[in-house]
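Hi everyone, thanks for coming.

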Amino acid sequence: MKDEKEKQKHVRLVLVSSPFEGHLNPMIQLAETLKSKDFLITIAQSTKLNSPNSSDHLQFDFLPIEDKLSDEDMSSSHKTGIVLLLNENCKAPFQDCLSKLIQQDEIVCIIYDEISYFAEAAAYNLKIPSILFCTTNAFRLRAEGHLPLPDPMSHEPAPEHPILRVKELPISNFGPIQSFFKLLSNAMNIGSSKAIICNTMTCLEDSSLTQFQKQSQVPIFAIGPLHRRVPLFLSTPCCFLEEDKSCITWLDKQTINSVIYISTGSIVTNSEKDIAEMAWGLANSRQPFLWVIRPGSIEALPEGFVESVGERGCIVKWAPQREVLGHEAVGGFWSHCGWNSILESICEGVPLLCRPGFGDQKVTARFVSEVWRVGLQLDTKMERGEIDKAVKRLMEFKLKAELEIKEGGSSYNALNDLAKFISSF
């Protein structure tokens, strides 16, 4: 037993992230989690696009990958195209880096983000076991059979996925639909990978995990929610905007469960008309609110709005979201339904008001409102009267999620099983 433990302490894992905030943060949390199991961790990341600050994470080694992106590439709004280009550009440099690294240290496994699938090919060529990491919900949409698309705004049940309506198929707004399906197909092809890690809970996504397992033919380890495995005081999130912690002081002055927190994530944008309807809907609800408005995401708030809400509203450029959602004053979360935000909200027992942006966010919003029933969905066009009523209804309930990371829970057991599985390579 002692020999096995000593061997495990020298097992090095290479984790390959995707350079987007919603993917980087769970990968860092996974790294922290696996380090707690005595694995040595190296995090591989592209050199130019949204690289994490290694000085914030001294407990890990970092492996830079030359991504060959031009300034024009990085400024493109065609996010799907950027991901496809990254996978094309990074495969050879990553394999070269790995070849040098394995001469210095034993690498027993490559764990890669599903949209950084270039890592699987490199691992296969070097005969290193690989594991795919899913940073989104466990619902999987097969890429084939969906072109041409039916009416994208149809309320009819989606083909092969009756839980969804056609309008909720996880289609991307960031580039041609053909590029999105190419990315989806590549990401879902697990290739030679030995297993799949999911940042989710069995109690939340049991049926989706069961279906995913049938499709995959390799073990699936549902070890989420990962953010709860890293204590808040030890957590250093990968934020590309500075968090404004003055909002916590403002929250301290509010009544318990009275505040609605609004954040549409790091990518989603809203039209000027939508922002106006959101603003006046919030004003008319008379509900205290904390609103995150990213620089450049809107042109301006409606004239007279700030004056009309006064101290009842707090507007910041970016917020410490985990701390906000854990604050006793917060009673609801208006969210774009990014998977990390959903897990953070559910784990704090904060009900959701869903306004999804694109891709898997639309699927998640449907599950929040119709399957898990832990929130409401703004299902029609932005209209201040509907927003007013939805905000008021939202504040009437608060559902606490069952946490599974405690000893004996399914996520607790899955993490132990994962550690044993990796150690068997």
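By salt bridge I mean a side-chain nitrogen of Lys or Arg within 4 Å of a carboxyl oxygen of Asp or Glu. Before going on, please keep in mind that this is a predicted model, where local features need pLDDT of at least 70 and side-chain atom pairs count only at pLDDT 80 or more, while totals for chains, interfaces and linings use all residues. Residues are numbered from 1 along each chain as its sequence is written, and side-chain values use heavy atoms, with hydrogens and water left out.

Back to our pair. Aspartate 61 sits in strand β3 and arginine 12 in strand β1, 49 residues apart. Strands here are DSSP runs of E with at least two residues, helices are runs of H or I with at least four, and both are numbered from the N terminus. Are the two partners buried or exposed? Aspartate 61 counts as partly exposed at 41% relative accessibility, whereas arginine 12, at 9%, counts as buried. The cut-offs are under 20% relative accessible area for buried, over 50% for exposed, and partly exposed in between, with a 1.4 Å probe and protein chains only. Arg12 and Asp61 also belong to a salt-bridge network with Asp105.

How many salt bridges does a search of the whole structure find? There are five. In one of them, arginine 228 pairs with glutamate 348, with 3.7 Å between the closest N and O atoms. Arginine 228 is in the loop between β9 and α8, and glutamate 348 in the loop between α12 and β14, so the pair ties together parts 120 residues apart in sequence.

Now for the sheets. Seven strands make an open sheet with parallel pairing, in the order β3-β2-β1-β4-β5-β8-β9. Two strands pair if DSSP finds at least two bridges between them. At the edges stand β3 and β9, each with a single partner strand, so one side of each has no neighbour in the sheet. Look at isoleucine 196, which stands opposite isoleucine 220 in β9.

The other open sheet has six strands, also in parallel pairing, ordered β12-β11-β10-β13-β14-β15. Its edge strands are β12 and β15.

What about the inside? The largest nonpolar core has 39 residues, and among those touching the most other members are Val14, Leu98 and Ile196. Such a core is a set of buried Ala, Val, Leu, Ile, Met, Phe, Trp, Tyr and Cys residues joined through side-chain atoms within 4.5 Å. Helix α4 gives the largest share, nine residues. A second, separate core of 38 residues includes Cys247 and Val363.

Helix α12, residues 339-347, is mostly covered: nine of its nine residues are buried. Its cover includes α2, α7 and α13. After α12 comes glycine 349, with a positive phi near 70°.

Finally, how confident is the predictor? On pLDDT, its confidence in each residue from 0 to 100, the protein averages 83, and 81% of the residues score at least 70. Residues 1-9 stay under 50, and residues 397-403 are below 50 too.

Key:
Contact = heavy atoms within 4.5 Å. pLDDT = per-residue confidence, 0-100.
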